[in-house]
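Please keep the sequence and the model in view while reading.

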Amino acid sequence: MTWLFILLVLLLVVSPVMWLKPSPRQRRVSALRTAAIKTGLTVKLEKPPLHGIETAMPAYRWRYPQDRPGPDFVLVRDDHASAALKSFAHGWRWRREPLRPLPEALESRLKELLERLPQDAIVVESHRHALALWWWESQNFSRFSTYLEDFVALRDGLAGRPDDSAVTVPLGQPKA
């Protein structure tokens with residue numbers, strides 16, 4: 001009986017420690033975020049630009065150069081968009097279109113990227129400071145890294161195309 005009591009006490013002591021151990025998903029997401037940050041991305045948990053989702057969601061951001069802001073737009077996957085929104089590419093709708101149309105090459109690049117994104121990628125957003133992907137992190141970094149080059153090229157193409165004409169230029173530099 002004494003041994004049973006000692007075993008029970010030991011299990012009670014060890015049990016909380018096992019609860020602190022990260023799950024396989026938590027380890028994968030942590031590795032994904034760490035590797036993404038090392039490539040220069042910003043990763044934040046925030047409320048997404050969607051109606052009906054109040055919980056924080058991961059947003060991976062590619063920052064535009066400070067002197068070359070990007071356009072404002074929001075693309076939403078059909079599953080999370082109203083049928084009243086204008087269709088853009090297969091499975092995606094504009095929640096907010098850029099004021100100036102995108103050049104054909106950029107629009108084509110964006111459509112190709114949207115077709116490749118995982119199903120848990122819900123929003124692609126651009127504003128003057130960054131291009132962002134809102135998703136539930138279903139993949140590991142080796143798979144996610146296959147999108148990096150495309151996002152960087154898209155970001156570079158969108159940089160310097162702000163929706164407003166009042167582009168802020170650092171002092172001492174000519175306006176392009």
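## A salt bridge between Arg33 and Glu137

In this predicted model, Arg33 forms a salt bridge with Glu137, and the closest N and O atoms are 2.7 Å apart; a salt bridge here is a side-chain nitrogen of Lys or Arg within 4 Å of a carboxyl oxygen of Asp or Glu. Arg33 belongs to helix H2 (residues 24-38) while Glu137 sits in the loop between strand E7 (130-135) and helix H4 (141-158), so the pair ties together parts that are 104 residues apart in sequence. Helices (H or I, at least four residues) and strands (E, at least two) are DSSP runs, numbered from the N terminus.

Buried means under 20% relative accessible area, exposed over 50%, and partly exposed in between, with a 1.4 Å probe and protein chains only. Apart from residues up to four places away in sequence, Glu137 touches Arg25, Arg28, Val29, Leu32, Arg33, Pro58, Tyr60 and Asp120, where contact means heavy atoms within 4.5 Å.

## Basis of the model values

Residues are numbered from 1 along each chain as its sequence is written, and side-chain values use heavy atoms, with hydrogens and water left out. Because the model is predicted, local features need pLDDT of at least 70 and side-chain atom pairs count only at pLDDT 80 or more, while totals for chains, interfaces and linings use all residues.

## Other salt bridges

Under the salt-bridge rule, the count comes to eight. One of them joins the side chains of Glu46 and Arg61, at 2.8 Å from N to O. Glu46 lies in strand E1 (residues 42-46) and Arg61 in strand E2 (residues 57-63), so this pair ties together parts that are 15 residues apart in sequence. Glu46 is partly exposed, with a relative accessible area of 26%, but Arg61 is buried, with 9%. Both residues also belong, with Lys44, to a network of salt bridges.

A further salt bridge connects Lys86 with Glu97, whose closest N and O atoms are 3.4 Å apart. This pair links distant parts of the chain, 11 residues apart, with Lys86 in the loop between strand E3 (73-77) and strand E4 (87-89) and Glu97 in the loop between strand E5 (92-96) and helix H3 (104-116). Glu97 counts as partly exposed, at 36% relative accessibility.

## Strands that pair with E5

Strand E5 runs antiparallel to E3, and four bridges join them; two strands pair if DSSP finds at least two bridges between them. Within this pairing, Val76 has Arg93 of E5 as its bridge partner.

E4 also pairs with E5 in the antiparallel sense, over two bridges, and the partner of Ala89 in E5 is Trp92. The hairpin of E4 and E5 has two residues between the strands, and Gly91 there takes a positive phi near 90°.

## Nonpolar cores

The largest nonpolar core has 31 residues, and Leu117 and Phe144 have the most contacts inside it. A nonpolar core is a set of buried Ala, Val, Leu, Ile, Met, Phe, Trp, Tyr and Cys residues joined through side-chain atoms within 4.5 Å. Helix H4 supplies the largest share of this core, six residues.

Leaving aside neighbours within four places in sequence, Leu117 is in contact with Arg77, Trp92, Val124, Leu133, Tyr147 and Phe151. Another core, of 11 residues, lies apart from the largest one and has Met57, Val74, Ile122 and Trp134 among its members.
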